[in-house]
Amino acid sequence: MLMKTVKDKGRKLVNQQLTNKNDTGADIMVIAAILGIGAIFSLYVAARAVDPMMEVHALVFLGAFLIGAFALVSHVSSSKEAPQGAYETGVVKAGVFASMFWGVAGFLVGVIIAFQLAFPDLLYFEGAPWTNFGRLRPLHTSAVIFAFGGNVLIATSFYVVQRTCRARLAGGLAPWFVFWGYQLFIVIAATGYLMGVTQSKEYAEPEWYADLWLTIVWVVYLLVFLGTIWKRKEPHIYVANWFYLSFIVTIAMLHIVNNLAVPVSLTGSKSYSLFAGVQDALTQWWYGHNAVGFFLTTGFLAIMYYFIPKRVNRPVYSYRLSIVHFWSLIFIYIWAGPHHLHYTALPEWAQTLGMTFSVMLLMPSWGGMINGLMTLSGAWDKLRTDPVLRIMVVSLAFYGMSTFEGSLMSVRAVNSLSHYTDWTIGHVHAGALGWVSYISFGALYCLATWLWNRKSLYSNALVEWHFWISTMGIVLYISSMWVAGITQGLMWRAYNEFGFLEHSFVETVEAMHIPFIIRATGGTMFLIGALIMAYNIWRTARGDVRTGEKSLMDESSSQAARPVPAE
């Protein structure tokens with residue numbers, strides 16, 4: 001009996017090692033092929049580019065592929081093997097730092113353009129078009145949503161799927177390809193905005209070649225995630241992985257369909273969309289709203305379903321409710337996009353369809369919020385002593401508020417007042433800052449202690465400062481935009497006794513001056529909070545502990561989050 005057990009364990013270990021070696025060899029060959037083909041094509045495009053923007057981007061791609069090839073050769077020649085059975089934490093650590101870097105960068109650009117709206121001559125130079133609001137604004141949105149939010153989702157998904165499946169990330173070097181490939185896409189998109197390279201689609205501004213590269217990276221991301229689930233040792237697939245998977249699959253579908261385009265030249269940056277007219281508008285907002293729904297909602301709900309129960313050391317309040325939440329959310333959300341096109345050329349039945357499903361979204365959204373909040377049952381006292389948990393709980397409050405507001409604003413009568421006004425800006429930032437950023441901040445604080453095996457953060461007092469400064473900033477931001485938006489809507493629909501407009505457009509712009517200053521002030525406070533957080537995480541990763549401060553001991557979570565030893 002003893003010999004049989006030893007033989008079984010030995011056979012299992014040998015098979016695992018052979019599988020890992022085969023996976024590593026396969027992924028090295030695939031990555032080498034992608035880098036080689038990409039370098040040759042980039043060199044060709046750089047030599048034959050028809051516009052200077054394409055030449056710059058071709059050279060950026062070429063440099064990235066050559067650096068990647070050098071790193072790959074160095075890795076192969078080093079003959080280092082990953083420890084069998086241990087979790088892959090290096091790529092997650094890199095994701096934590098990348099998330100903070102791009103987050104601070106995106107928030108900084110947001111503050112700059114907020115002050116530009118309040119003071120139009122500020123930081124604008126006629127000879128430097130890249131300082132123009134029109135180029136900085138998409139840089140801000142993409143940096144915050146895709147650079148900051150995307151890195152948070154990739155890092156947390158790689159962390160969560162390993163722990164919940166009790167398996168190392170699949171693909172060998174593939175997770176690192178996903179990480180660095182995504183950073184390359186961010187650089188290409190950001191520099192493109194500054195140079196004026198854009199296809200003028202909200203949340204989908206990068207041109208055709210950047211979209212193609214992101215598609216390759218995203219397919220590898222999907223394969224890594226699915227491969228890890230496939231080789232899991234835990235029979236049950238935890239609900240967070242369902243949310244992550246829906247985010248990855250649906251974003252791939254949205255990205256490919258909305259960005260179908262015909263390039264003018266394979267060596268030029270310009271392309272034309274495959275759709276036109278109202279079909280293009282409908283496709284764009286099918287993509288745009290579901291980018292919010294599946295990138296900024298389901299992905300971050302996956303974070304909520306793992307990190308809040310882990311932080312309070314409690315199971316999810318209702319696992320059955322989480323499953324109902326998942327399926328109802330993904331089936332309803334995909335139909336809500338047409339509410340962005342009320343009072344347009346879109347057929348009224350399609351507008352009504354979008355409005356109806358948007359109102360229905362309130363039920364699963366609030367079901368998820370209640371499930372997250374009720375997970376704290378029996379642990380509400382932790383809110384007094386744990387500022388990280390407080391940040392995550394407040395994020396759920398903002399999630400519930402912004403989803404209620406979104407359903408309300410989709411109603412045609414309300415939309416006639418709110419659409420095209422700064423009320424929409426306030427709504428978007430209530431969700432982006434209050435929900436997405438706050439749940440991300442909570443997850444990053446947790447990862448800082450778990451990944452580096454620290455008993456606590458460098459300073460919990462700094463977390464308190466971060467929380468209160470940022471929260472006051474969010475309140476200033478969204479309240480000023482609510483006032484500004486409703487003011488705009490009422491001024492635009494005001495008529496005099498002769499049937500003419502009561503106010504000129506410039507008068508509505510003048511009325512926005514004070515709310516815009518308040519908005520910029522709130523954004524500045526949020527940026528200050530993010531800088532405090534970045535400093536805190538950096539000191540935590542170094543292993544520093546602030547002297548004279550009582551530490552919040554989180555040994556149980558820290559121990560539970562450590563990698564399992566090799567079998």
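Phe404 is partly exposed in this predicted model, with a relative accessible area of 42%. Its ring pairs with that of Trp366 in a tilted arrangement, 6.3 Å centre to centre and with 50° between the planes. The model holds 46 aromatic pairs.

**Aromatic pairs and cluster**

- The pair of Trp366 and Phe404 links distant parts of the chain, 38 residues apart: Trp366 belongs to helix α11 (residues 362-374) and Phe404 to helix α13 (residues 387-410).
- Trp366 is partly exposed, at a relative accessible area of 35%.
- Phe467 and Trp468 form an edge-to-face pair, because their planes stand at 75° with the ring centres 4.8 Å apart.
- Within that pair, Phe467 is buried at 4% relative accessible area, whereas Trp468 is partly exposed at 48%.
- Both Phe467 and Trp468 belong to one aromatic cluster, together with Phe107, Phe148, Phe398, Tyr438, Phe441 and Phe526.

**Charges over rings**

- Arg163 lies over the face of Tyr159, 3.9 Å from the ring centre.
- Arg542 places its charged end over the ring of Trp538, at 4.9 Å from the centre.

**Packing of α4 and α5**

- Helix α4 (residues 133-165) packs with helix α5 (residues 174-195) at an angle of about 175°, and the axes are 9 Å apart.
- Angles over 145 degrees count as roughly antiparallel, so α4 and α5 are roughly antiparallel to each other.
- On the α4 side the contact includes Leu139, Phe146, Ile154 and Phe158; among the α5 residues are Val178, Phe179, Tyr182 and Ile186.
- The residues of this contact divide into 16 nonpolar, 4 polar and 1 charged.

Note on methods:
Residues numbered from 1 in each chain as written. Predicted model: local features only at pLDDT ≥ 70, side-chain atom pairs only at ≥ 80, totals over all residues. Heavy atoms only, no water. Axes fitted to C-alpha atoms, helices over the stretch in contact; angles between N-to-C directions. Helix = DSSP H or I, 4+ residues; strand = E, 2+ residues; numbered from the N terminus. Parallel < 35°, antiparallel > 145°, perpendicular 65-115°, else oblique. Contact = heavy atoms within 4.5 Å. Nonpolar A, V, L, I, M, F, W, Y, C, P; charged D, E, K, R; others polar. Phe/Tyr/Trp six-rings, centres within 6.5 Å; stacked < 30°, edge-to-face > 60°. Buried < 20%, exposed > 50% of the residue type's maximum accessible area, 1.4 Å probe, protein only. Lys NZ or Arg CZ within 6 Å of the ring centre and 35° of its normal.
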